Amino acid sequence: MTKRVAVVTGAARGIGKAIAERLLRDGFIVAIADLNEPEAQATSRQLAGTDSDKVFAIYVDVTDSASVRQMVDTVLARAGQIDVLVNNAGIGGPVGPIAACSEEGWLRVMAVNLTGVFLCSKAVLPHMLARGAGRIVNMASIAGKEGNPAMAAYSTSKAGVIGFTKSLAKEVATQGIYVNCVAPALIETELLQQFTEEAINYMVAKIPMGRMGQAQEVAALVAWLASEECTFSTGAVFDVSGGRATY
Ligand SMILES: NC(=O)c1ccc[n+]([C@@H]2O[C@H](COP(=O)([O-])OP(=O)(O)OC[C@H]3O[C@@H](n4cnc5c(N)ncnc54)[C@H](O)[C@@H]3O)[C@@H](O)[C@H]2O)c1
C-alpha cells in the first residue's frame, strides 16, 4: 500500500481504539486524537509495538475549533497528508425524560457528538479538496435512526450526524471525497457506564442476535469505508446492529 494517513478522534479507548488498531494493521499511519491525552499516549504506546513511526497520540477537543485546527496542522506537519478522517469521538449524555434533561447536558451532547463532526470535517476538507481525495467516516448510532427512549439528546445528535453525512457527501461527490457513516447498535465499551441498566437492557432486547457488538466488529466496517475499495458508496448509513435495523 502507498502511504496512507488516518486521523481517528476519540481513539484513546473503545471503538476508536479498535478502529486505530485495525487501520494500523491495514498499513495506515494513525493519529490517535483524543481529549484524554494521557490515555491517548498510553494507547499509542500500546499499539505502536516496535514501530512508533506508524502511530502517534495527539490532543484534541472536538468541540473547540482552534483545537481541531491545531490537530489537523500537527498531523499534516508530522505525517504530510490526511487520507482518512474518522469522526468517532462521542459521549452518551443525559439519560431520562426530557423534563429532567438539563439545557447544559443537551448542549454538551450536541457540541461533542454533532458540532465536533462538523468542526473536524471542516478543518480537514481544504486539504482533501486540494488533493482531490479523502474519506470521512462518521460515527452515528442506531439511536439516530430509531430514537432510543430516555436518550433524546444522544438520539438527536446522532440523527444530526446522519443528516450531515448525507449533505456533505453530496456536496463533494464529484471531488474524490467519500463521506459515510456507521450506525452501531449496543457495543461493549466503557461508554455504557454512562447509561442505566434499564437503558442497556432495552437496547440488548432490541437486537435479534441477542448480544452486544464488539468494537472490532465496528472497526472492520470502518476499515472498509476507509479503504480504496470503497469507490461507489457515499452519503450512506452502514448498519452494524446484529439485525436491529434491517433498512
Ligand atoms: N458503545 C456503544 O454502544 C455505541 C453505539 C453506537 C455508537 N457509538 C458511538 O461510538 C463512538 C465511540 O464510542 P465508545 O463506546 O468507544 O465510547 P468511549 O466513551 O469508550 O470512548 C469515547 C472517546 O471519545 C473521547 N472524547 C470524548 N469527548 C471528546 C472531545 N470533546 N474531544 C475529543 N475526544 C473526546 C473520550 O476521551 C474517549 O476516549 C461515539 O461516537 C459513540 O456515540 C457507541
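I will start with the open space. Helix 1, helix 4, which runs over residues 103-131, and helix 6, over residues 152-171, each supply at least two residues to the lining of the largest pocket. Please keep in mind that this is a predicted model.

The volume of that largest pocket is about 710 Å³. Its lining has 39 residues, and the closest to the centre are Asn88, Ala89, Gly90, Ile91 and Leu191. Helix 1 gives the largest share of the lining, 3 residues. Sorted by class, the lining of the largest pocket holds 21 nonpolar, 11 polar and 7 charged residues.

Next, the closed space. How many cavities of 30 Å³ or more are there? The count is 1. The largest cavity has a volume of about 50 Å³. Around the largest cavity sit Pro94, Val95, Gly96, Pro97, Ile98, Cys101, Ala150, Met151, Ala152 and Ala153. In the lining of the largest cavity, 9 residues are nonpolar, 1 is polar and none is charged.

Now to helix 6. It has 20 residues, and its first and last C-alpha atoms are 28 Å apart, close to the 28 Å expected at 1.5 Å a residue. Which residues of helix 6 are buried? They are Ala153, Tyr154, Ser155, Ser157, Lys158, Val161, Ile162, Thr165, Leu168 and Ala169. Lys158 is one of the buried residues, so please find it on the screen. The cover over the buried residues of helix 6 includes helix 4, strand 5, helix 5 at residues 142-146, strand 6 and strand 7.

Helix 8 can be checked in the same way. It covers residues 215-226, and its 12 residues should span 16 Å at 1.5 Å a residue; the end C-alpha atoms are 16 Å apart, so the two values agree. Buried in helix 8 are Ala215, Val218, Ala219, Leu221, Val222, Ala223, Leu225 and Ala226. These buried residues pack against helix 1 (14-25), strand 4 (84-87), strand 5 (134-139), strand 6 (177-184) and strand 7 (237-240).

The largest has 35 residues, and the members that touch the most others are Ile19, Leu23, Val30, Ile32, Val182, Val218 and Val222. Helix 8 gives the most to this core, 8 residues. What does Val222 touch, beyond residues up to four places away in sequence? Its contacts there are Ile19, Val86, Val137, Met139 and Val182.

Ser44 lies in helix 2, residues 37-48. Is Ser44 buried or exposed? Its relative accessible area is 7%, and the cut-off for buried is under 20%, so Ser44 is buried. Not counting residues up to four places away in sequence, Ser44 touches Ile32, Val55, Phe56 and Ala57.

The other residue is Glu188, in the loop between strand 6 and helix 7, the latter being residues 197-205. Glu188 and Met212 are 24 residues apart along the chain, yet their C-alpha atoms are separated by 6.1 Å. Leaving out neighbours within four places in sequence, Glu188 is in contact with Met212, Gly213 and Gln214.

Notes. Residues are numbered from 1 along each chain as its sequence is written. This is a predicted model: local features need pLDDT of at least 70, side-chain atom pairs count only at pLDDT 80 or more; totals for chains, interfaces and linings use all residues. Side-chain values use heavy atoms; hydrogens and water are left out. Helices (H or I, at least four residues) and strands (E, at least two) are DSSP runs, numbered from the N terminus. The expected span of a helix is 1.5 Å times one less than its number of residues. Buried means under 20% relative accessible area, exposed over 50%, partly exposed in between (1.4 Å probe, protein chains only). Contact means heavy atoms within 4.5 Å. On a 1 Å grid over the protein atoms alone, a cavity is a set of points where a 1.4 Å probe fits but cannot get out, and a pocket is an open set with protein on both sides within 12 Å along at least five of seven lines; lining residues have an atom within 4 Å of a point. Grid points are joined across faces, edges and corners, and a volume is the space filled by probe spheres set on the points. Ala, Val, Leu, Ile, Met, Phe, Trp, Tyr, Cys and Pro count as nonpolar, Asp, Glu, Lys and Arg as charged, and the others, Gly among them, as polar. A nonpolar core is a set of buried Ala, Val, Leu, Ile, Met, Phe, Trp, Tyr and Cys residues joined through side-chain atoms within 4.5 Å.
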